[in-house]
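Q: Please look at the structure below, and let us ask on what grounds its descriptions rest.

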Amino acid sequence: MLEVLFELPMNLLGLGISAFIGRFAYSGYATVASPNLLRLTFAFTSVAIGFALLASGLFAGDYSQAITTAGLAAQAIGYFFIAFSHSLKSFDFSPHRHLLLAPLAITGFVIPGNSLEHLVRSISFILLVYVSIETMASYMQGRRTSTLMIGSGLGLLALAELLSWYNFIFPGSFYVAALSIKVAGFGLMFVPFSKFGLASGLGRMNSQIGSGL
Amino acid sequence: MVAGYRTHVSIIADILSTAKQYSYEGYDTGATVTLLIRKANVPHQRLGSMVSALKQAGLLYEASAKYKISERGIEFLKAYSEFKGFAETFGLRV
């Protein structure tokens, strides 16, 4: 019962934040038709679906484990889309496009475990570390505070995945800390949005200014 | 990390910015093809197809063999600037 009381609001908060970022990214894609914004839309939609599944998994009884794993897998797919966008930026040379799959390839170095949930968490952790490093590298180039916050948020998400993995090995050890850090990570990622004028961005969603370009 | 090439959207924004500069900001005669090629740094062949697409989308219009930005084009540039900032917070390009 305590688990539901704590985890449900956290998951719903994560769902709200990621859905909001995803919707903003979609409004950007609909307006300027940028592939990177489409990837961010897929990423945050997937993460939001993951949070929805994690929340519903709390009430699924016998199927709880399966639904939780599906939620974590959806979030890992979301993290992959962000990592993929960074790969396209960093490996911007056409003869070796297969290197775009680099973040996926390193997932072979997953932390050994004996369950699907364990495997998915390891993949999420590796993808998040990669994305966090890439974002921090971008911060070093541009020195934008908002990029630093996104990079720190992604770093917190990676830490949350690591603690969740530890919690998996030693149940109950970092459960509350892991979930709190995860939501704090998404919160940190949400902060830079205050300067974008969210209402105007979402208002453009249906205008399709750049459609057909 | 590689500096990278300009994306399709950013080239479009460069073309529209040049057209805007020669539509409102003191030079209201419009931008010639030569100016667009030089300022937006796009080859002539590619510029032709892009300008056609921009005219078709209603972002640019032609007046006496010169190009001017439309109201819709200005709205696009504003949106581009906003979402460019959004993508850059993730360390990405629009």
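A: The model is predicted, and pLDDT is the predictor's confidence in each residue, from 0 to 100. In chain A, the confidence is lowest in helix H8 (residues 198-203), at a mean of 50, and highest in helix H2 (residues 35-57), at 94. Chain A as a whole averages a pLDDT of 82, with 78% of the residues scoring at least 70. Where pLDDT is low, the predicted coordinates should not be read in detail.

Q: Why is A:Gln75 called buried?

A: A residue is buried if 20 or more other C-beta atoms lie within 10 Å of its own; A:Gln75 has 29 such neighbours and therefore counts as buried. A:Gln75 lies in helix H3 (residues 64-90) of chain A, and, leaving aside neighbours within four places in sequence, A:Gln75 is in contact with A:Ser46, A:Val47, A:Gly50 and A:Ser124.

Q: What makes A:Arg143 exposed?

A: The cut-off for an exposed residue is 12 or fewer other C-beta atoms within 10 Å, and A:Arg143 has 9, so A:Arg143 is exposed. This residue is found in the loop between helix H5 (116-142) and helix H6 (145-169) of chain A, and the phi of A:Arg143 is near 55°, a positive value in a residue other than glycine. Most residues other than glycine have a negative phi.

Q: How do you know that the radius of gyration of chain B agrees with that of a compact globule?

A: For 94 residues, a compact globule would have a radius of gyration near 12 Å, and chain B has 13 Å, so the value agrees. The C-alpha atoms of chain B fill a box of roughly 45 × 25 × 25 Å along the principal axes, and 37% of the 94 residues of chain B count as buried. Chain B has four helices and two strands, in the pattern α-α-α-β-β-α along the sequence.

Q: Which residues of the largest nonpolar core touch the most other members?

A: Of the 87 residues in this core, they are A:Ala76, A:Leu127, A:Leu128, B:Leu16 and B:Tyr80. Not counting residues up to four places away in sequence, B:Tyr80 touches A:Val32, B:Val9, B:Ala13 and B:Val94.

Definitions and conventions
Residues numbered from 1 in each chain as written. Chains lettered and ligands numbered in written order. Predicted model: local features only at pLDDT ≥ 70, side-chain atom pairs only at ≥ 80, totals over all residues. Core = buried A, V, L, I, M, F, W, Y, C linked by C-beta atoms within 7 Å. Contact = placed C-beta atoms within 7 Å. Rg over C-alpha atoms; globule rule 2.2 N^0.38 Å.
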